[in-house]
Amino acid sequence: WNRFEQLVHTRLEESISKKVASVQIFESMPAQIFPQVCRLLERRLFMPGRAVLQQGSHGESMLIVYSGKAEILFNEYVVSILWPGKAFGQAQMLGLQRYYHASVMP
């Protein structure tokens with residue numbers, strides 16, 4: 001069973017790397033640094049109905065959708081949809097903006 005878990009984990013990590021590589025902010029990252037960045041990513045599971053990021057809250061994180069979809073809400077109105085490989089919060093991660101301009105809801 002342990003070997004199966006390792007295989008699943010390896011495949012998942014490979015697919016995560018491909019999704020992250022498709023995010024514009026990471027496209028020009030040097031190849032030798034990219035695997036290190038992927039290892040530092042926090043993997044989290046979010047269930048529908050509860051905001052992942054809240055409009056107006058202080059932020060330092062970027063969210064990349066791996067599977068499923070998430071709605072971007074501005075003043076409680078859906079203004080966009082994130083699907084696998086899409087990201088939100090790049091400006092907060094880079095320190096260009098301190099607060100999230102919208103909420104993200106899976």
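Leaving aside neighbours within four places in sequence, which residues is Trp-83 in contact with? The legend to View 1 answers this.

This is a predicted model, in which local features need pLDDT of at least 70, side-chain atom pairs count only at pLDDT 80 or more, and totals for chains, interfaces and linings use all residues. Residues are numbered from 1 along each chain as its sequence is written, and side-chain values use heavy atoms, with hydrogens and water left out.

View 1. Beyond its neighbours within four places in sequence, Trp-83 is in contact (heavy atoms within 4.5 Å) with Val-65, Gly-68 and Lys-69. Trp-83 has a relative accessible area of 45% and is therefore partly exposed; the class lies between buried, under 20%, and exposed, over 50% (1.4 Å probe, protein chains only). Glu-71 and Trp-83 stand 12 residues apart in sequence, with 8.9 Å between their C-alpha atoms.

**View 2. The open sheet β3-β2-β5.** Three strands make up this sheet, with antiparallel pairing. Strands are DSSP runs of E, at least two residues, and helices are runs of H or I, at least four; both are numbered from the N terminus. Two strands pair if DSSP finds at least two bridges between them. β3 (77-82) and β5 (103-105) are the edge strands, each pairing on one side only. Strand β2 (residues 70-74) joins β5 over three bridges. Leu-73 has Ser-103 in β5 as its bridge partner.

**View 3. The largest nonpolar core.** A nonpolar core is a set of buried Ala, Val, Leu, Ile, Met, Phe, Trp, Tyr and Cys residues joined through side-chain atoms within 4.5 Å. The largest one holds 10 residues, including Leu-53, Ile-72, Phe-88, Tyr-100 and Val-104. Another core lies apart from it and has nine residues, among them Ile-16, Val-23, Phe-26 and Val-37.

**View 4. Lys-19 over the ring of Tyr-66.** The charged end of Lys-19 is 5.5 Å from the ring centre. A charge sits over a ring if NZ of Lys or CZ of Arg is within 6 Å of the ring centre and within 35 degrees of the ring normal.

**View 5. The whole protein for orientation.** There are three helices and five strands, and from the N terminus the elements run α-α-β-β-β-β-α-β. The C-alpha trace spans about 45 × 30 × 20 Å along its principal axes. Of the 106 residues, 25% count as buried.
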